[in-house]
Amino acid sequence: IALRTMALARRGAINVHGALLPRHRGLFPYFWMLADGATEAGVTVHWRDENFDTGDVILQQRYPIADDETVFSLSMKGARVGAELAPRAITMIADGSAPAAPQDDAVSSYGSWPRPADGRRLRRRGRRYGTLAEMWQAFRS
């Protein structure tokens with residue numbers, strides 16, 4: 001279905017991914033950045049291809065990970081950055097200036113849903129998922 005849907009897009013299909021591809025491909029990149037001890041996060045807008053998060057890069061934006069960052073707060077930062085990058089990428093596609101920088105598979109990583117041991121690793125790094133109060137406050141503002 002995904003390939004058939006992508007074929008409908010005359011100029012190609014894009015994805016906004018919450019990590020600096022090719023690192024942290026796959027699910028839940030915010031969790032994996034914190035569990036891996038990353039000090040920098042980012043968002044990538046990339047061309048979709050037949051694989052998961054492997055398409056050529058159009059835009060990326062980096063930002064630091066704060067010492068008190070949670071999975072939730074990092075995901076909110078990523079959502080804001082992605083919301084800024086997506087329209088820029090669409091404009092570039094529309095005017096024919098969108099790049100297609102290949103990803104370096106040699107430095108790629110992939111994450112799926114975390115297992116209990118992964119959650120323990122996150123907590124050992126002094127990180128957490130976030131609290132209901134943090135989520136409530138974010139959605140109220």
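Which residues do ring pairs link into a cluster? The cluster consists of Phe28, Phe31, Trp32, Trp113 and Tyr129. The views below show a predicted model, in which local features need pLDDT of at least 70, side-chain atom pairs count only at pLDDT 80 or more, and totals for chains, interfaces and linings use all residues. Residues are numbered from 1 along each chain as its sequence is written, and side-chain values use heavy atoms, with hydrogens and water left out.

**View 1. Aromatic pairs around Phe28.** Rings of Phe, Tyr and Trp (its six-membered ring) pair if their centres lie within 6.5 Å; planes under 30 degrees apart count as stacked, over 60 as edge-to-face and the rest as tilted. The count comes to six aromatic pairs. In one of them, the ring centres of Phe28 and Trp113 are 5.2 Å apart with planes at 50°, so this pair is tilted. Phe28 sits in the loop between strand S2 (25–26) and H2, and Trp113 in the loop between strand S5 (110–111) and H4, so the pair ties together parts that are 85 residues apart in sequence. Helices (H or I, at least four residues) and strands (E, at least two) are DSSP runs, numbered from the N terminus. The rings of Phe28 and Tyr129 have centres 6.4 Å apart and planes at 20°, so that pair is stacked. Tyr129 belongs to the loop between H4 and helix H5 (132–140), so its pair with Phe28 ties together parts that are 101 residues apart in sequence. Relative accessible area is described as buried under 20%, exposed over 50% and partly exposed in between (1.4 Å probe, protein chains only). Phe28 is partly exposed at 24%, as is Tyr129 at 35%, whereas Trp113 is exposed at 55%.

**View 2. The two sides of helix H4.** Helix H4 covers residues 116–124, and Asp118, Gly119 and Leu122 are buried in it. Seen down the helix axis, the buried residues of H4 fall within an arc of 100° (taken from the directions from the axis to the C-beta atoms), so they line one face. Pro116 and Arg124, on the other side of H4, are exposed. The cover over the buried residues includes helix H2 (29–35) and helix H3 (71–95). Just after H4, Gly126 has a positive phi of about 80°.

**View 3. The open sheet S1-S3-S4.** Three strands make up this sheet, with antiparallel pairing; two strands pair if DSSP finds at least two bridges between them. Strand S1 (14–17) and strand S4 (57–64) are at the edges with a single partner strand each, so one side of each has no neighbour in the sheet. Neighbouring strands are turned by 10° against each other on average, direction ignored. Seven bridges join strand S3 (residues 40–47) to S4, and Gly42 has Arg62 in S4 as its bridge partner. H3 packs on the sheet and touches S1, S3 and S4, its direction making about 150° with that of S4. Axes are lines fitted to C-alpha atoms, for helices over the stretch in contact, and angles run from 0 to 180 degrees between N-to-C directions.

View 4. Arg25 lies in strand S2 and is buried, with a relative accessible area of 8%. Contact means heavy atoms within 4.5 Å. Leaving aside neighbours within four places in sequence, Arg25 is in contact with residues including His17, Phe52, Asp53, Gln103, Asp105 and Tyr110.
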